[in-house]
Amino acid sequence: MGRTGGPERVDAFVGARISLRRSALGLSQTALAQQLGVSFQQVQKYETGQNRISASRLHRVATVLATSVDAFFPPVETARQPADSGWEALRHITASPDGRAVAAAWPRIEDRDLRKAVARIVRALARD
């Protein structure tokens, strides 16, 4: 697949996962950038998938964010699913500070029924 008009799906997915992990840890793009030795604009480009991240830099990101490199990648079977399989939704939710806050807080909602209720509210608010 060539790069003909936007980020590759895996690049966008990796970037979204970096953004999500960074936000969950309460780090700003600037703080992460400083630890990586790059500009915060470069971190923005990594997080949107605009710029691909090298293996060595991704390893450094994983170290700084206290996780494994594989935590940034989708399972192999997900990579074979069509484009509407949630990749775009993940990219969109992590594109804004509010979306990242919701995504970072979601796993901390322990009550399954409460999570379902919140999801119903969000779906209802999103209707045209």
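Tutor: A salt bridge here is a side-chain nitrogen of Lys or Arg within 4 Å of a carboxyl oxygen of Asp or Glu. Keep in mind that this is a predicted model.

Student: How many salt bridges does the count come to by this rule?

Tutor: Side chains of opposite charge can pair when their charged atoms come close. Apply the 4 Å cut-off to nitrogen and carboxyl oxygen. The count comes to three.

Student: Which parts does the salt bridge of Arg 52 and Glu 8 tie together?

Tutor: The side chains of Arg 52 and Glu 8 meet at 3.6 Å, N to O. Their positions are 44 residues apart in sequence, so the pair ties together the loop between helix H3 (40-48) and helix H4 (55-64) and the segment before H1.

Student: Is Glu 8 buried or exposed?

Tutor: The cut-off for buried is under 20% relative accessible area. Glu 8 has 13% relative accessibility, so Glu 8 counts as buried.

Student: How far apart are the closest N and O atoms of Asp 11 and Arg 52?

Tutor: Asp 11 is buried, with a relative accessible area of 18%. Arg 52 counts as partly exposed at 47%. Glu 8, Asp 11 and Arg 52 are linked in a network of salt bridges. For Asp 11 and Arg 52, the closest N and O atoms are 2.8 Å apart.

Student: Which residue forms a salt bridge with Arg 22?

Tutor: Arg 22 sits in helix H1 (residues 9-24). At 4% relative accessibility, Arg 22 counts as buried. Its contacts beyond four places in sequence include Leu 65, Arg 100 and Glu 47. The salt-bridge partner, with closest N and O atoms 2.6 Å apart, is Glu 47.

Student: Which helices does that pair tie together?

Tutor: Both Glu 47 and Arg 22 are buried. The closest N and O atoms of Glu 47 and Arg 22 are 2.6 Å apart. The two residues are 25 apart in sequence, so the pair ties together helix H3 and helix H1.

Student: Which residues does Ser 19 touch, not counting those up to four places away in sequence?

Tutor: Ser 19 is in helix H1. At 1% relative accessibility, Ser 19 counts as buried. Beyond four places in sequence, Ser 19 touches Glu 47, Thr 94 and Arg 100.

Student: Which residue caps the N-terminal end of H8?

Tutor: Helix H8 (residues 112-126) has 15 residues. A side-chain oxygen of the capping residue lies 2.8 Å from the backbone nitrogen of Asp 113. The cap is Asp 111.

Key:
Residues are numbered from 1 along each chain as its sequence is written. This is a predicted model: local features need pLDDT of at least 70, side-chain atom pairs count only at pLDDT 80 or more; totals for chains, interfaces and linings use all residues. Side-chain values use heavy atoms; hydrogens and water are left out. Helices (H or I, at least four residues) and strands (E, at least two) are DSSP runs, numbered from the N terminus. Buried means under 20% relative accessible area, exposed over 50%, partly exposed in between (1.4 Å probe, protein chains only). Contact means heavy atoms within 4.5 Å. The expected span of a helix is 1.5 Å times one less than its number of residues. A polar contact is a pair of N or O atoms within 3.5 Å; within protein, one must be able to donate a hydrogen and the other to accept it, and residues adjacent in sequence count only if both atoms are side-chain atoms.
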